[in-house]
Amino acid sequence: MVGGGRKISAVSARARTRRNKARSSSFPLLPDMFTKAVIVLLISLLVWTYQTIIQPPPPNICGLPGGPPVTSPRIKLSDGRYLAYRERGVAKEKSEFKIIMVHGFDNSKDMALVASQELILELRIYFLSFDRAGYGESDPNPNRSVKSDTFDIQELADKLQLGSNFYVLGISMGGYPTWGCLKYIPNRLAGAALVVPIVNYWWPSFPCHLSREAYKRQLQRDQWKLRIAHYVPGLLYWWMSQKWFPSSSYVEIVPEVYGNRDKEILKMMSGTLTHNQTVIRQQGVFESLHRDLMVGFGSWDFDPMELSNPFPHNESFVHIWQGFEDPLVPVKLQQYVCRKLQWIRYHEVTDGGHLIMYDTNLFEGILRELLLPSGV
């Protein structure tokens with residue numbers, strides 16, 4: 001070898017080359033194997049997280065083996081689901097007015113009816129209430145929407161032979177199926193009332209600054225809940241079930257969010273308003289409460305502020321009742337809705353909150369105005 005270096009035979013050189021190749025090709029395998037192992041571990045962790053934390057459990061359907069018993073009358077809908085209902089007031093055959101009542105969030109067909117018997121008999125009112133899909137004894141609807149809830153109402157009316165027209169009275173979260181009736185089945189309505197109906201902050205007609213301002217006035221926990229329900233509904237079960245942060249004043253009934261009149265009603269009706277929540281949620285909180293939030297605050301197929309008057313000749317009216325001190329439904333957004341839809345009769349209760357439905361005098365006034373409106 002030139003330069004006095006150590007002489008290496010051709011055989012030794014080939015052997016050393018093979019050893020170097022073996023060393024250089026074996027070490028890169030370790031990071032490759034480590035990367036694959038980390039990916040597999042992460043995927044396994046995600047699957048476990050979804051199955052145990054994010055994915056809601058299957059519903060506990062009434063009437064099936066292992067499920068709660070069926071104790072109420074039910075109709076079978078065209079898609080095979082069952083809808084539970086309750087009839088009150090005068091007999092349907094002897095009634096002058098037929099009202100379908102649409103219950104609110106975390107409630108049921110057994111909602112408190114505070115109208116006096118005298119008024120019910122005087123006006124000959126028949127009341128029909130029902131468990132909305134997933135609540136109480138009505139089967140869940142995995143495809144639930146504003147439209148599906150609307151056609152549940154129509155099918156219930158037809159199965160029970162209410163006739164070609166009927167009144168609809170929606171309370172709070174029951175407002176969105178009532179809006180659905182105004183959109184999809186206006187020809188079936190004899191009149192409609194929405195009492196403290198929810199407003200969806202993402203309705204397109206709302207000016208951004210107005211909806212943003214109203215949204216920011218909600219408790220932080222409710223802002224998060226509504227944001228998740230609208231943008232990432234797949235995470236709602238996890239958010240509503242986790243214990244690290246408060247998740248919803250709707251569910252927890254936080255006293256400080258209520259005004260004086262609501263607190264008086266809560267105190268007066270403590271035994272009535274805390275109806276049997278076990279029965280209300282017995283098929284699972286996801287199919288009742290959570291899906292309600294996902295539909296009510298999700299993306300709708302229509303903007304209520306673009307609806308037409310279902311009673312163009314003033315043969316009847318659509319009413320909205322709103323408490324000025326309502327902590328859950330922003331009064332400014334409700335006022336804006338009614339300015340856009342000037343055919344709606346807007347009634348604002350100055351010292352009222354979200355529970356005005358349970359004030360006997362006020363509720364009887366709502367019934368009289370719905371059924372015997374002035375100006376007709």
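Let me start with a convention: angles under 35 degrees count as roughly parallel, over 145 as roughly antiparallel, 65 to 115 as roughly perpendicular, and the rest as oblique. Axes are lines fitted to C-alpha atoms, for helices over the stretch in contact, and angles run from 0 to 180 degrees between N-to-C directions.

Now the ground rules. This is a predicted model, where local features need pLDDT of at least 70, side-chain atom pairs count only at pLDDT 80 or more, and totals for chains, interfaces and linings use all residues. Residues are numbered from 1 along each chain as its sequence is written, and side-chain values use heavy atoms, with hydrogens and water left out.

The overall picture. The protein chain has 15 helices and eight strands. Helices (H or I, at least four residues) and strands (E, at least two) are DSSP runs, numbered from the N terminus. Of the 376 residues, 51% are buried. Buried means under 20% relative accessible area, exposed over 50%, partly exposed in between, with a 1.4 Å probe and protein chains only. Now contacts, meaning heavy atoms within 4.5 Å. Take those between residues at least 6 apart in sequence: 77% join residues at least 24 apart.

Back to that angle. Helix α6, residues 208-216, and helix α14, residues 331-340, have axes that come within 9 Å and cross at roughly 150 degrees. The two helices, α6 and α14, are therefore roughly antiparallel to each other. Who meets whom? From α6, L210, S211, E213 and A214 meet K332, L333 and Y336 of α14. By class, that contact has four nonpolar, one polar and two charged residues. Here Ala, Val, Leu, Ile, Met, Phe, Trp, Tyr, Cys and Pro count as nonpolar, Asp, Glu, Lys and Arg as charged, and the others, Gly among them, as polar.

Next, the cores. A nonpolar core is a set of buried Ala, Val, Leu, Ile, Met, Phe, Trp, Tyr and Cys residues joined through side-chain atoms within 4.5 Å. The largest one has 65 residues, and F166 and W179 touch the most other members. Helix α13, residues 285-296, gives the most to this core, with five residues. Leaving out residues up to four places away in sequence, F166 touches K98, I100, I153, A157, I185, R188, L189, A190 and G191. A second, separate core has 34 residues, including M111, V196, M269 and L371.

Two residues with side-chain polar contacts. A polar contact is a pair of N or O atoms within 3.5 Å; within protein, one must be able to donate a hydrogen and the other to accept it, and residues adjacent in sequence count only if both atoms are side-chain atoms.

K159 sits in helix α4, residues 146-159. K159 is partly exposed, at 46% relative accessibility. Its side chain reaches the backbone oxygen of K76 at 3.3 Å. K159 and K76 are 83 residues apart along the chain, yet their C-alpha atoms are separated by 8.8 Å.

N141 is in the loop between β4 (125-130) and α4. N141 is buried, at 6%. A polar atom of its side chain lies 3.0 Å from the backbone nitrogen of N143. Beyond four places in sequence, N141 touches R81, A133, S148, E287 and R291.

Last, backbone. Most residues other than glycine have a negative phi. Which phi does D106 have? Near 55 degrees, a positive value. D106 lies in the loop between β3 (97-102) and α3 (117-123). S172 also has a phi near 55 degrees, in the loop between β5 (166-171) and α5 (175-184).
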